[in-house]
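Let's take a walk through this one together, starting with its helices and ending at its ligands. Keep the viewer open as you read.

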Amino acid sequence: MNIFNIPLIIATQYSLAFTYLGTQDLVSLIHPALAVILVFPIIGIVSNFAWQTRQRRLQIKDSKKSKIPPVVGREHVKLGRWLATSVVGVNLIGLAYSIVYKNFILSFKKDNLDTVQAILITLLFIATIASFIMLFRAQSKLWRGIFATLSGMGLIILGAQEGVWRLSDQWYWSHYYYGMGVSLLMIFSLAIVEDIYKDRSNRWRNAHIILNCFALLLFIGQGITGVRDLLEIPPIGK
Ligand code: HEM
Ligand code: HEM
């Protein structure tokens, strides 16, 4: 037996821990499970702190005092960073699953896997993660802009690969487009943190509120389109 076939057999075997689920099914559940366990609870906490941050700021502006502790703003940003990281992470896991199973492994079975392309795509995953990590470390406005653009571009190029289910002709309820939208909005929020604090005219703050209220709608859409895809994709085998 060819030794290189062993990982392939494990990755595509029919039955693993459950009677009717194989390795591929279990791997496909990592993405939705993490979204439900990690991302959605953090969205709730971040939104609660966002509301308190705003209430506190408006109360102090009106009556110079507020019962809401000053720490809510910092807590919002701290958990906002976790939210952005978990959304981008879950997005990359969703893309990796689709690209590995519906592109690499399918092509390998048909003996037409383009190895150079597969290596380049793997390197792009690494470059996207590296740019996202650098976005946290960058201090100056220029570098934050550069790393935010690189992370966003990495996600978009990975999303354009063969195997990703985009539902482009029905983009208005596509899980892919909503997911890319929220991920880019999270990356943008990370990039403008310092601008929100520095800007006395509150223009960045207001832009942040409008964009992220839209992100909240997209998150709701992700919940709906995600569970729909769980039902819709397996029987059709997209
Ligand atoms: C669900 C997503 C989010 C929503 C709905 C949201 C909404 C808000 C709201 C309503 C405020 C208060 C604005 C005011 O003072 O009137 C705020 C403040 C802020 N947000 Fe977010 N936000 C979200 C995610 C994020 C993320 C991912 C980051 C980046 C780490 C972030 C960074 C900030 C910063 C720096 C402030 C200013 C905090 C302060 O004044 O101390 N937000 N956000
Ligand atoms: C923040 C939340 C989420 C983001 C950013 C996100 C993003 C993505 C992306 C970019 C893909 C790849 C597109 C594709 O190939 O279909 C995907 C696929 C998928 N997602 Fe999500 N998603 C999120 C939440 C969820 C939730 C809550 C569920 C279900 C409970 C879910 C279920 C799925 C399914 C079933 C697929 C298709 C996998 C396949 O191609 O077989 N997602 N997601």
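To judge a helix's length, take 1.5 Å times one less than its number of residues: that is the expected span. Bear in mind that you're looking at a predicted model.

Now look at what's around it: 14 of the 17 residues of H6 are buried, so the helix is largely enclosed by the rest of the structure.

Next up is H8, which runs over residues 203-236. With 34 residues at 1.5 Å each, H8 should span 50 Å, and its end C-alpha atoms sit 47 Å apart, which agrees. Follow H8 along and you'll come to a kink of about 30 degrees, centred on Asp229. Which residues of H8 are buried? They are His208, Asn212, Ala215, Phe219, Gln222 and Thr225. Look at the spacing in that list with this in mind: an α-helix has 3.6 residues a turn, so residues three or four places apart point the same way. The cover over the buried residues of H8 includes H2, H6 and H7.

Those helices turn up again once you get to the ligands. Around ligand 1 there are 26 residues, and the closest are Ala50, Arg54, Gly73, Gly80 and Asn212. By type, the shell around ligand 1 splits into 14 nonpolar, eight polar and four charged residues.

Ligand 2 has 27 residues around it, with Pro32, Gly94, Ser98, Gly179 and Gly226 coming nearest. Here H2, H3, H6 and H8 each give at least two residues to the shell. Its make-up is 15 nonpolar, eleven polar and one charged.

Is Gly94 buried or exposed? A residue counts as buried if 20 or more other C-beta atoms lie within 10 Å of its own. Gly94 has 24 within 10 Å, so it is buried. Setting aside neighbours within four places in sequence, Gly94 is in contact with His31 and Gly179. Gly179 is also among the residues that come nearest to ligand 2. As for Phe40, it is 54 residues from Gly94 in sequence and 16 Å away in space, C-alpha to C-alpha.

Key: Residues are numbered from 1 along each chain as its sequence is written. Chains are lettered from A and ligands numbered from 1 in the order in which they are written. This is a predicted model: local features need pLDDT of at least 70, side-chain atom pairs count only at pLDDT 80 or more; totals for chains, interfaces and linings use all residues. A residue is near a molecule or strand if its C-beta atom, placed from the backbone, lies within 6 Å of it. Helices (H or I, at least four residues) and strands (E, at least two) are DSSP runs, numbered from the N terminus. Ala, Val, Leu, Ile, Met, Phe, Trp, Tyr, Cys and Pro count as nonpolar, Asp, Glu, Lys and Arg as charged, and the others, Gly among them, as polar. A residue is buried if 20 or more other C-beta atoms lie within 10 Å of its own, exposed if 12 or fewer, and partly exposed in between; C-beta atoms are placed from the backbone. Two residues are in contact if their C-beta atoms, placed from the backbone, lie within 7 Å. The bend at a residue is the angle between axes fitted to the seven residues ending there and the seven starting there.
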